[in-house]
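Colleague: Could you go through this one with me, please? I'm still learning how to read these.

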Amino acid sequence: MHRDPGTNLPVVIEDFVANSAMISSGLFEKDRYLNKDLKEYLGKLNGVEEVKNPSIMSNILLDIKNRLYYDQVDIKEFLNNENSPGAKIALNAILNYLSELKSRNILDFSMLESKFLKRLVSGKLNHFLKGIHVILVDEYQDTNLLQEKNIF
């Protein structure tokens, strides 16, 4: 009801589908899942020497992507300032994942929250907001920056 005229309703995916999409578009693309630098980088983040399982690699990459979204970090700018080869590969895998989802009009949950904030800030949801008088937030201590911006 509150989307731009002529745009298709995006599909919001669950974690399982997001994991599969990250594996196929982020890790299998250019055989990234075989890259030693990426395996070691993800291993450091996971507290092991290296991560070899594509499913575990995908989960870590999705956690990184979510953290970047939740902390409102510009992924492309972050990539340009990153020196670690493993981190660059991880960020490029994430960018491939995002590009694939965008091309299919698909959103994961953090992307949905981000899109909602952009629409709030741009004033595109003013009509929607007129009917809201109170917002109750349970477990506020567990909100991230993105969610806090949406609330306020």
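Colleague: Is Asn-105 buried, partly exposed or exposed?
Modeller: Asn-105 counts as partly exposed, because its relative accessibility is 28% (buried is under 20% relative accessible area, exposed is over 50%, and partly exposed lies in between, with a 1.4 Å probe and protein chains only). Keep in mind that this is a predicted model, where local features need pLDDT of at least 70, side-chain atom pairs need 80 or more, and totals for chains, interfaces and linings use all residues. Residues are numbered from 1 along each chain as its sequence is written, and side-chain values use heavy atoms, without hydrogens or water.

Colleague: Where does Asn-105 lie, and what is its phi?
Modeller: Asn-105 is in the loop between H5 and S2, and its phi is positive, about 60°, although Asn-105 is not a glycine. Helices (H or I, at least four residues) and strands (E, at least two) are DSSP runs numbered from the N terminus.

Colleague: OK, and what about Glu-139?
Modeller: Glu-139, also not a glycine, has a positive phi near 60°. Glu-139 sits in the loop between helix H7 (126–129) and helix H8 (145–151), and it is partly exposed, with a relative accessible area of 41%.

Colleague: Switching topic, which residues touch the most other members of the largest nonpolar core?
Modeller: Leu-42, Leu-61, Ile-94 and Tyr-97 do, out of 29 residues in that core (a set of buried Ala, Val, Leu, Ile, Met, Phe, Trp, Tyr and Cys joined through side-chain atoms within 4.5 Å). The elements that each supply at least two residues include helix H1 (15–27), helix H3 (54–70) and strand S2 (106–107).

Colleague: Which one gives the most?
Modeller: H5 does, with eight residues.
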